[in-house]
Amino acid sequence: MTTVFELLLILSLVVCAVAASFSKRLLTAVVIYMAYSLVMTVIWALLQSPDLAITEAAVGAGVTGILFVLTLKKIHALKGTKDE
Amino acid sequence: MLPWYQNIPFACIFLCMVNGITMPLYRRGRRAFAVTAGVSFAVFALSAVLAVILAAGGERFVYKMGHFPAPWGNEIAADPLTAMLSAMFGLVTGLSLLGGRAAQEADILAPKQPYYFVMVSMLLAALQALAYTNDIFTGYVFIEISTIAACAIVMARDTARTIAATIRYLVISLLGSGLFLIGIVLLYCITGHLLMPQVSEKVMELWNTGRYTEPLTMVVGFITVGLCIKCALFPFHAWLPLAHGGATTSSSAILSGLVLKGYIVLLIKLYYSVFTIEVVRSLKITSVLFVFGIAGMLIGSVQAIREEHIKRMLAYSSIAQIGYVFLGIGLGTEAGMAAAVYQIFVHGVTKPLLFVCAGRLTEVQGHEKSLYRLRGAAVTDPLAGAGFTLGALSMVGLPLLGGFMAKWLLAASSLATLPKLWPALLALAASSVLNALYYVPAVIALWTPSGFMAEKPAKKAPLFLLSALGLAAGVILLGVCCAPLMEAIMAGLRLLEAI
Amino acid sequence: MKNEWFRALVRWIDGEPAHDRRIRTPEGQRVRRARRAQRTGEQFSDQAAKRFAWGYRISAVVICLSIVCTLLYTVFQLPLFGAADSPANNEVVERYIEKGVEETGAVNFVTGMILDYRAFDTFGESSVLFLAVTSVLILLLRDKNNISEEEDLLTAHEFFIEREMQDLILQKVVAVVMPCILLFGIYVVLNGHISPGGGFSGGAIMGGGLILYGASFGILAVRRFFNRRTFTAITTAALLTYAASKAYSFFTGANGLETGIPLGTPGAILSSGLILVLDICVGAVVTCTMYGFYALFARGRL
Amino acid sequence: MKELFKLAVVYRFELGAILLFGIGFMNLLLQKNLIRKIIGFNVMDSSVFLFLASQGYIEGRIAPVLTNGSMQAATYVNPIPAGLVLTGIVVSVSVSAFFLALVQRLYLKYGTVEFDEIMLLAKKEAE
């Protein structure tokens, strides 16, 4: 049962990575990357590394996401002027 | 208690790091500059003392970083070779900073200058750590430090083009460190250790029993490719001219002279202390490096001939010189490796001399960069012209100068390896001719008076004078007293192999 | 013909590359390029660039696929996933676990490992963070190099919004949530040696709290208690404390001296010697760094 | 075939990590947009960490935090990969922040975040 769950998680990681690289808008890519980080957090917890899970949750999905979005705002990609 | 001198490697790294940490406290650049240059020279002095002591005793020692011995804690290890390298890093960093001072004032805004010196001293710390480290993961961490610091000193000269060059440099560097990282991760998975002596023991065991041979091959391949990308070996060199040619003078000197060498030193260390040179040779990796080294020598020079921007020309020449180093490594013999290390020293001193002098020449000519518009600059400032000429002649291979010695050693060591003898000799000859083809016209152009010359004589620059004299002395010294240095290099390589 | 060669040679020796065949002047290069473009049609350089781009893409794909395939092949040779007898699971791990509590005083073996056994790596890691925030400072701190009028207008507009159009609901919620976040961050930092977490994750949480505060009350509100001077002071002090305590431990360790710092009872907050101090330092640095990133990215000042 | 499938299930984390590595690597090399490039770098780095951590995992053991006073090595998974990955995550965050700052500055100067366009503009400026 855990194996199936793990397989699903890995699959969703791969899907997220592919979707982030093919998504039309930059904001979508960033949001998908944040989802990728969240899935990664669950995987760290499954791999018995709670330290990594906490760090990934705080950094990967949190601060890195904020930095990405701020950059998108600065490069005027939030309104979709550049990438649509 | 250990003998006092064994604390020197750690003290040097620590000194640089603390210096870097305290730099933001300075308001203006001048004092930060003085302190950083002082620290670099202190590193040079300490490391030189260490090198002399270790070379005299033929000694190698490990220094525990913490309370736990080998397989558990971090370690650094010093031998005559790494101590000499560290001394060179300190000296050249200090002299480049002195020589590029005027350019720093012109290129970097005053309030941001202390941050520039943060980067320089962290870079020096990282380079030393790369030379001394006895732990592959520490190697990775310091590679990342040197990557960020190197990119930052490129972009410190805040123009659009340097930032574009920086992002290219960063992307390529990230590729390289990604490959290096997966290499060491695989290595950890099959050996279970991170400290070089233990990893080496395990690698030998695996190699002899034939277990995990394919993963081991992959590891050597990944680590080699990763580090080669970072030190701009031929097919991965496209990023270099923009980054090195566009940065401020002292950055160019440090990047070309030292940063590229730091990665090669780590590679040589890994080959000797971890995989052993026999394994690397039987995996045919040295032969591949040999071919790419030769290609780099020729293509770098050809591209330098076509370049008219003086600093970019020097940057292309760096690609060719890196090719020489890999030619030596590619020979796969001890003599070849020693010649490669000698070339590291020679290029590490000569290229900063060229960059510093080129910086000064462009300064006296009103910040012109193209060789055509620089005509006559050497007449305005004869000393800078003489320094540039000396460096150029060393690169071309005039006897009694460092470059000649390096080429001679490479040729001599290729004599012992029959299948590689002729390609090596031919490549050396061809590349010497090519070097002459762009350095000689450049020198002649610099000494030819023209209408581009400034009317008033150049302002005096004592700092530049000091730096050029020091570096020029280094070039001549490397050309004249080759024997004792070679002995120490050989001893160091043998000590690296012995563990 | 011969005469021309001879003259070219003389000119070359005279250092007059302007008339040489390998013209070195920018003007000459431009002329040559224009001539070549005329000869081969206007789009010559564009086409070459396109061809190069295609070659680059194809070779990149080939290289990448070959790397992935060899890696996939290699994986099956590696120790089985989850196996207890993998080479990585050796005497080093045994020592970290069996003697870890006794030697480092940390109940969390990972913390014990990164802050005591392999502390040099971690010192390097915090330097990476310091370097990153310093380079972001160089890049984004507003000065005459990176100002554009549009950007200035935008920033002024944002400051105006911050001052005049404050969102009451958001502020009330943040006023309740923010202390909890900070408290949780402090908890994670202080319990780094007892439970999962530590300086880095706790610092990132606290940094996140500060960012939330900055985003809802405005960066000006944060600047009242956290400006560039406090930022520099806190990071420098924390990193120096870190460096000093690590230097002390490295120096005594290598020279075979005792540190003389009691490890305390494992599991208590005040235990495990220097690890707690290091965690607090790292936490402080990371908090400042994360908020610094935010402020610089959003407004270009601290 | 069935054997291979079974083996693939056993090595699920490693295989997934390698696929992610490939995707990230390709993104870093081939994407023209700098933001996507850095996402690719992050994916690549975290895939390597996933690989490392999965090699440290041991079936049926618990996280390396002292539990119930058991000091047996056979109780806990390998703590070393976790420590290394922790270091690696910090490095990759730092690099991302640096990269994004560079992207902002480039946008200010060139008005685009497409790598090729930026290099072309930089080259034109050089002439």
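How far apart are the nearest C-alpha atoms of chain A and chain B? They are 15 Å apart, and the two chains do not touch. The model is predicted. Two interfaces of chain C are set out below.

**Chain C with chain B**
- The contact joins 68 residues of chain C to 76 residues of chain B.
- About 6,700 Å² is buried between chain C and chain B, with 69% from carbon and sulfur atoms.
- Two salt bridges link chain C and chain B.
- One salt bridge pairs the side chains of Arg118(C) and Asp135(B), at 3.0 Å from N to O.
- Polar contacts between chain C and chain B number 17 residue pairs.
- On the chain C side, helix 7 of chain C gives the most, with 15 residues.
- That side of chain C holds 33 nonpolar, 19 polar and 16 charged residues.

**Chain D with chain C**
- Here 53 residues of chain D meet 59 residues of chain C.
- The buried area between chain D and chain C is about 5,200 Å², and carbon and sulfur atoms give 76% of this area.
- Zero salt bridges are found between chain D and chain C.
- Eight residue pairs are in polar contact between chain D and chain C.
- Helix 1 (2-10), helix 2 (12-30), helix 3 (34-56) and helix 4 (79-110) of chain D each give two or more residues to the side that touches chain C.
- Helix 4 of chain D gives the largest share of that side, 20 residues.
- By class, the chain D side has 36 nonpolar, nine polar and eight charged residues.

Technical notes
Residues numbered from 1 in each chain as written. Chains lettered and ligands numbered in written order. Predicted model: local features only at pLDDT ≥ 70, side-chain atom pairs only at ≥ 80, totals over all residues. Heavy atoms only, no water. Contact = heavy atoms within 4.5 Å. Buried area = accessible area lost by both parts, 1.4 Å probe. Salt bridge = Lys/Arg side-chain N within 4 Å of Asp/Glu carboxyl O. Polar contact = N/O pair within 3.5 Å; in protein donor to acceptor, adjacent residues only side chain to side chain. Helix = DSSP H or I, 4+ residues; strand = E, 2+ residues; numbered from the N terminus. Nonpolar A, V, L, I, M, F, W, Y, C, P; charged D, E, K, R; others polar.
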